[in-house]
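Keep the model open while reading.

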Amino acid sequence: MKPSLLLSGLAAALLFSGCQVVPETGRKQLMLVSPAEEARTGLAAFSDIKKSEKISANPAYRAQVERVGKRIADSVMRTPGHQIANAQWEFVVFESEQINAFALPGGKVGVYTGLLKLVASDDELAIVVGHEIAHVTSRHGAERTSQNIAVAGLGLVLAVGMEQQQVTPAKRNQILLAYGLGTTVGVLLPFSRTHESEADRIGLQFAAGAGYDPRAAAAFWRKMSAANKGPKPPPFLSTHPADTDRIAALEALAPQYLSLYQSSRLRYE
Ligand SMILES: [Zn+2]
């Protein structure tokens, strides 16, 4: 088989076989990474982070993150289709002024003390933790990895194809540059916005299912938006822009999850 045919076959296999559907939103996603691989990567990354970053000894912060985290984890496990494969839940507070939080495959969650200073209630913390865990249950990291593999694979097909067609090297580079820009702006960036709104919606469901008020989301993001007025936004905000569209979307979604919130709250009274 000619190498170009082999590569085209590979690319087609990537695009047509590696698909799955995100529960709740029903969006189809390219998926070339297995849940087991993903969990292994997450667990290894978390143990590295725990070695390199300072773990907080603040008893109030630790208790708050454990309390909210456990309820969200229970809510996730009760939500059909959203279970985390091989979950080994762990909630750790890191000592840092960073306004940040993250969740990794395998059920590992980290929250920075800088974020906890800004959070006014368990409801607000639940919104952030729910959002981060929703990125994991929706497998957004693995989807991004899959897209990068596919984009690189197709770029290779294009490069080999042009070589065989005897396109001049200068023209070839021009085309590859255009391809790279096109895939970044046309495919990879819009996906990160899709991931954010998907995690907002599913995170709201997780928080409400854990008995936390979904209306806290819009209030929290408004506060974050005000914190964003400085010359250099904190890293969490540069990946989570608190624009007015986002706040309006959260405000519109909250009523859908009010009855879930009210019935779930009874579990914890
Ligand atoms: Zn996010």
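Helix H7 supplies the largest share of the lining of the largest cavity, with four residues. The model behind this report is predicted. Three helices each give at least two residues to that lining: H5 (122-137), H7 (169-209) and H8 (216-227).

The structure holds one cavity of 30 Å³ or more. The volume of the largest cavity is about 40 Å³. Its lining is made up of Ile 127, His 131, Ala 199, Asp 200, Gly 203, Leu 204, Ala 217, Trp 221 and Leu 250. Sorted by class, the lining has six nonpolar residues, two polar and one charged.

## H5 against H8

How do H5 and H8 lie relative to each other? Their axes are 9 Å apart and the packing angle is about 85 degrees. The two helices are therefore roughly perpendicular.

On the H5 side, the contact uses Asp 123, Glu 124, Ile 127 and Val 128. On the H8 side, Ala 216, Ala 217, Phe 220, Trp 221 and Lys 223 take part. This contact has six nonpolar residues, no polar ones and three charged ones. Some names return from the cavity: Ile 127, Ala 217 and Trp 221 are among its lining residues.

## H8 against H10

H8 also packs on helix H10, residues 244-253. Here the angle is about 165 degrees, with the axes 8 Å apart. That angle makes H8 roughly antiparallel to H10. The crossing of H8 past H10 is left-handed.

Which residues make the contact? H8 brings Ala 217, Ala 218, Trp 221 and Arg 222. H10 brings Arg 246, Ile 247, Leu 250 and Glu 251. By class, the H8 and H10 contact counts five nonpolar residues, no polar and three charged. Ala 217 and Trp 221 of H8 and Leu 250 of H10 make this contact, and these residues also line the largest cavity.

## H3 against H5

H5 has a further partner in helix H3, residues 59-78. The axes of H3 and H5 come within 10 Å and cross at roughly 50 degrees. That makes H3 oblique to H5. H3 passes H5 in a right-handed crossing.

From H3, the contact residues are Gln 64, Val 65, Arg 67, Val 68, Ile 72 and Val 76. From H5, they are Asp 122, Leu 125, Ala 126, Val 129, Gly 130, Ile 133 and Thr 137. Eight of the contact residues are nonpolar, three are polar and two are charged.

## The second largest pocket

What is the volume of the second largest pocket? The value is about 240 Å³. The pocket is lined by 19 residues, and the closest to its centre are Gln 83, Ala 85, Val 136, Thr 137 and Arg 139.

Strand E1 (19-21), helix H2 (35-52) and H5 each supply at least two lining residues. H2 gives the most, with three residues. By class, this lining divides into nine nonpolar, eight polar and two charged residues.

## H5 in summary

H5 supplies at least two residues to the lining of the largest cavity and at least two to that of the second largest pocket. H5 also packs with H8 and crosses H3.

Note on methods: Residues numbered from 1 in each chain as written. Predicted model: local features only at pLDDT ≥ 70, side-chain atom pairs only at ≥ 80, totals over all residues. Heavy atoms only, no water. 1 Å grid on protein atoms, 1.4 Å probe; cavity = no way out; pocket = protein on both sides within 12 Å on 5 of 7 lines; lining within 4 Å. Points joined across faces, edges and corners; volume = space filled by probe spheres on them. Nonpolar A, V, L, I, M, F, W, Y, C, P; charged D, E, K, R; others polar. Axes fitted to C-alpha atoms, helices over the stretch in contact; angles between N-to-C directions. Parallel < 35°, antiparallel > 145°, perpendicular 65-115°, else oblique. Left-handed = near helix turned anticlockwise from the far one by under 90°. Contact = heavy atoms within 4.5 Å.
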